[in-house]
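Here's a quick walk through the model, strand by strand, with stops at a few residues along the way. Keep the viewer open as you read.

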Amino acid sequence: MEAVERRVLLSAYTLNQLGSFGINATGVDPASTLVADSAGNLYGTASAGGPYGQGTIFEIAHGSNAITTLASFNGTNGSTPWGTLAIDPSGNLYGATTVGGPYPNSNGTVFELAQGSNVVTTLAAFNGAYKLAPFGGVTLDSSGNLFWTAQGGNNGDGAVFELAKGSPFPTMVDFIGANGAYPYAGITCDASGNVYGTTTGGGAYGYGTVFEIASGSNTITTIASFNSWSQPEAALTLDPSGDLLGTTHNGGTFGLGTVFEIAKG
């Protein structure tokens, strides 16, 4: 009976192609999570291609199967967008590029694309070897503040950044190894403004952590340390009860990864 039920469930889903990359003008090699607005329009980034060969921001309108290029990256405004986009209630899009920017030795940007615009605005740019743009993308909290993690930082172990709404400069909290190192994933925020994330290294055993930065604080608190070669590389999910859920790339009974939960204390 169980096998029959599974076949019925699978048959209820149909895989439909909404759009296909391959025309360089729309971009190629998408590497971001799609976000949707209230009307069901989908938005994402392509990490390469476009008129300058350095990536695009695209839209698939609700009910359409056409990829429309909204804006393109040209190096000065960033290059190779990566990670998760964020969208605010007005339809403005936010994201990050891993290289490029306005400085001669730029290491990426955090950007905004205002709703209805085709101009990429640089909100933050990284011009030193110790302040690198995020691979996990950006997260927008309920107050309009942007958060991301990045490799580098003042200690070389990575950092958490916040760009407060209306502020021209981000603030940074560094990892120091003992409280985590080498963050790769994006940030998760709760309704109170507390920030949660993972690191792939550091912590009590050197194999990664789950961390929190309380709202209004600049202190990284370790919630959990992994004690085997686990490497959590993905962002956390917060359930309605406040429990944190995530995955590890390695570790577990067979050494091939785990799904974990941290119940709210």
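Predicted model: local features only at pLDDT ≥ 70, side-chain atom pairs only at ≥ 80, totals over all residues.

Gly-44 stands opposite Phe-58 in S4. That pair belongs to the antiparallel contact between strand S3 (residues 42-48) and S4, which runs over 5 bridges. On its other pairing, S4 meets S5, again antiparallel, over 4 bridges, with Glu-59 opposite Thr-68 in S5.

Confidence is highest in strand S16 (residues 209-213), at 98, and lowest in helix H1 (residues 2-11), at a mean of 50.

**The enclosed strands**

Back to S4, which spans residues 56-60: 5 of its 5 residues are buried, so the strand is largely enclosed by the rest of the structure. In a regular strand the side chains alternate between the two faces of the sheet. Here, both faces are covered: Thr-56, Phe-58 and Ile-60 sit on one side, Ile-57 and Glu-59 on the other, and all are buried. Note that the list of buried residues includes Glu-59.

S6 and S7 run antiparallel and are joined by 5 bridges, with Leu-93 in S7 as the bridge partner of Ile-87. The two strands form a hairpin with 5 residues between them, and Gly-91 in the turn has a positive phi of about 90 degrees. S7 also pairs with strand S8 (residues 109-113), antiparallel and over 5 bridges; there, Thr-97 has Thr-109 in S8 as its bridge partner.

Which residues does Gly-78 touch, not counting residues up to four places away in sequence? They are Phe-73, Thr-97, Val-99, Gly-100, Gly-101 and Thr-109, so the Thr-97 and Thr-109 bridge pair turns up again. Gly-78 lies in the loop between strand S5 (68-72) and strand S6 (79-87). Its relative accessible area is 0%, so Gly-78 is buried. For a sense of scale, Gly-78 and Ala-263 are 185 residues apart in sequence and 39 Å apart in space, C-alpha to C-alpha.

**Two open sheets**

Strands of a sheet pair through backbone hydrogen bonds, either parallel or antiparallel.

S14 meets strand S15 (residues 195-199) in the antiparallel sense over 2 bridges, and Thr-188 stands opposite Tyr-196 in S15.

**Loops with something to look at**

Most residues other than glycine have a negative phi, and most peptide bonds are trans.

| Residue | Phi |
|---|---|
| Tyr-182 | near 60 degrees |
| Gln-231 | near 55 degrees |

Are these two buried or exposed, or in between? Tyr-182 is found in the loop between strand S13 (171-174) and S14, and it counts as partly exposed because its relative accessibility is 40%. Gln-231 is in the loop between S17 and strand S18 (237-238); at 17% relative accessibility, under the 20% cut-off, this residue counts as buried.

Trp-82, Phe-135 and Tyr-184 make a nonpolar patch of about 260 Å². Phe-135 sits in the loop between strand S9 (120-125) and strand S10 (139-140), and with 36% relative accessibility it counts as partly exposed.

Technical notes
Residues numbered from 1 in each chain as written. Heavy atoms only, no water. Pairing = 2+ DSSP bridges. Patch = residues over 30% accessible without salt bridge, like charges linked within 9 Å, V, L, I, M, F, W, Y side chains within 5 Å. Areas by Shrake-Rupley, 256 points an atom, 1.4 Å probe, with all protein chains shown as cover. Salt bridge = Lys/Arg side-chain N within 4 Å of Asp/Glu carboxyl O. Buried < 20%, exposed > 50% of the residue type's maximum accessible area, 1.4 Å probe, protein only. pLDDT = per-residue confidence, 0-100. Contact = heavy atoms within 4.5 Å.
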